[in-house]
Amino acid sequence: MEGVIDAHTRALLTRRPGFDWTVTEFVRVVDARLPPRVFRRHCPELDDGVTTPSGVPVALQLLGSDPAALAANAEQARKLGATAIDLNFGCPAKLVNRHDGGASLLRDPQRVHAAVAAVHAAVGSDIPVTAKIRLGFSHRRLALDCAKAAEDGGATQLVVHARTRDEGYRPPAHWEWIGRIRRHLGIPVVANGDIWSLEDYWKARTLSGCRDVMLGRGALADPWLAQRIRHWLTTGETLPTTPWQARGAILAEFAALQRTTLPERVVTSLVKQWLNHMRQRDAEAARRFHAVKRINDLETLLTGLGAAREERARSQPEPA
Ligand SMILES: Cc1cc2nc3c(=O)[nH]c(=O)nc-3n(C[C@H](O)[C@H](O)[C@H](O)COP(=O)(O)O)c2cc1C
């Protein structure tokens, strides 16, 4: 997720079991072949086996509209070691759409086809090309055509965010529409949108008929959501609610990782950004968010969260 889930966040979220794969923030492709540093910035894992430290594969996501430029950049990514390319046809951002990227291609299935086919022709015999769509731009009438266009172009998997671009992030996500698409496609379809809890997971699976789901904001709101799902699938047991201690600890670790490369004021706002996602679904996170939202100093913020203490406790060896 652009501006939200970078390599550090991927590393922290995949440390516990649950995720089968992850994807980078989108690399914006306009025309020229981008230099290697752009790919490495979005996907530092390229230099580390293209997995998170726990071994979960990372797909590199491209966003653009020009098939030739997408193909050239996919080829560049492949040369740098990418093991999967994902194409973004879901971004609703006005700036991106104005420049003819993301969800704007959903107005014309042929353009989805052309983009996927060009990237597939460039790298598809070496590495899988996957795609992510919404149900459409301003209506759903082309949802199936766009999905089929991605499949016919050579996509080996399709993630469907169950809303149109104009619906933004407004609930509800129309999971039953993913089922309509899935029934007509031969490739795996992955359900996405508004999966915040184990209950949502099961409902999304039931209504879409998909075996797999993609977690976005839900994984930030509850960093143990993927594990919660995996645990329930394998044991039938429900894990307890994620305690604040665990949330505080992950925020402190996040801050520690980010401050190795970023200025403290940026880290401070990144920590608040993640806490803001947590507070949507957790009363204690909401209380802490209100208590610290005006703090601009990182140490004071972490102290306010009790996060520094949690992190220290976590990193101390267990008493013998
Ligand atoms: C801040 C933000 C950034 C996002 N960036 C990306 C992105 O770079 N690539 C992508 O495929 N989807 C991106 N998304 C969309 C999510 O992947 C996901 O499809 C959407 O949030 C719905 O799923 P959720 O309800 O589980 O979050 C972004 C969403 C948000 C809120």
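Begin by selecting Arg-281 and Trp-196 in this predicted model, where the charged end of Arg-281 sits over the ring of Trp-196, 4.1 Å from its centre. Then select Arg-16 together with Trp-224, and you will find the charged end of Arg-16 over the ring of Trp-224, at 4.0 Å from the ring centre.

Next come the aromatic rings, for which a search of the whole structure finds three aromatic pairs.

Move on to Phe-254 and Trp-274, an aromatic pair that is edge-to-face, with 5.0 Å from centre to centre and 85° between the planes. Phe-254 belongs to helix H11 (residues 244–258) and Trp-274 to helix H12 (residues 264–279), so this pair ties together parts that are 20 residues apart in sequence. Phe-254 is buried, its relative accessible area being 3%, and Trp-274 also counts as buried, at 4% relative accessibility.

Keep helix H12 on the screen and show helix H14 (residues 298–305) as well, because the two pack at an angle of about 25°, with their axes 9 Å apart. That angle makes H12 roughly parallel to H14, as angles under 35 degrees are counted in this way. To see where the helices meet, display the side chains of Glu-264, Val-267, Thr-268, Val-271, Lys-272 and Leu-275 in H12, which meet Leu-298, Leu-301 and Leu-305 in H14. If you colour the residues of this contact of H12 with H14 by type, they divide into six nonpolar, one polar and two charged.

For the last stop, select Thr-22, which has its place in strand S1 (residues 22–23). Is Thr-22 buried or exposed? With a relative accessible area of 9%, Thr-22 is buried, because the cut-off for that class is under 20%. To see what surrounds this residue, leave aside its neighbours within four places in sequence and show the residues in contact with Thr-22, which are Arg-10, Thr-14, Thr-52, Val-56, Pro-57, Val-58 and Ala-59.

Conventions: Residues numbered from 1 in each chain as written. Predicted model: local features only at pLDDT ≥ 70, side-chain atom pairs only at ≥ 80, totals over all residues. Heavy atoms only, no water. Phe/Tyr/Trp six-rings, centres within 6.5 Å; stacked < 30°, edge-to-face > 60°. Helix = DSSP H or I, 4+ residues; strand = E, 2+ residues; numbered from the N terminus. Buried < 20%, exposed > 50% of the residue type's maximum accessible area, 1.4 Å probe, protein only. Lys NZ or Arg CZ within 6 Å of the ring centre and 35° of its normal. Axes fitted to C-alpha atoms, helices over the stretch in contact; angles between N-to-C directions. Parallel < 35°, antiparallel > 145°, perpendicular 65-115°, else oblique. Contact = heavy atoms within 4.5 Å. Nonpolar A, V, L, I, M, F, W, Y, C, P; charged D, E, K, R; others polar.
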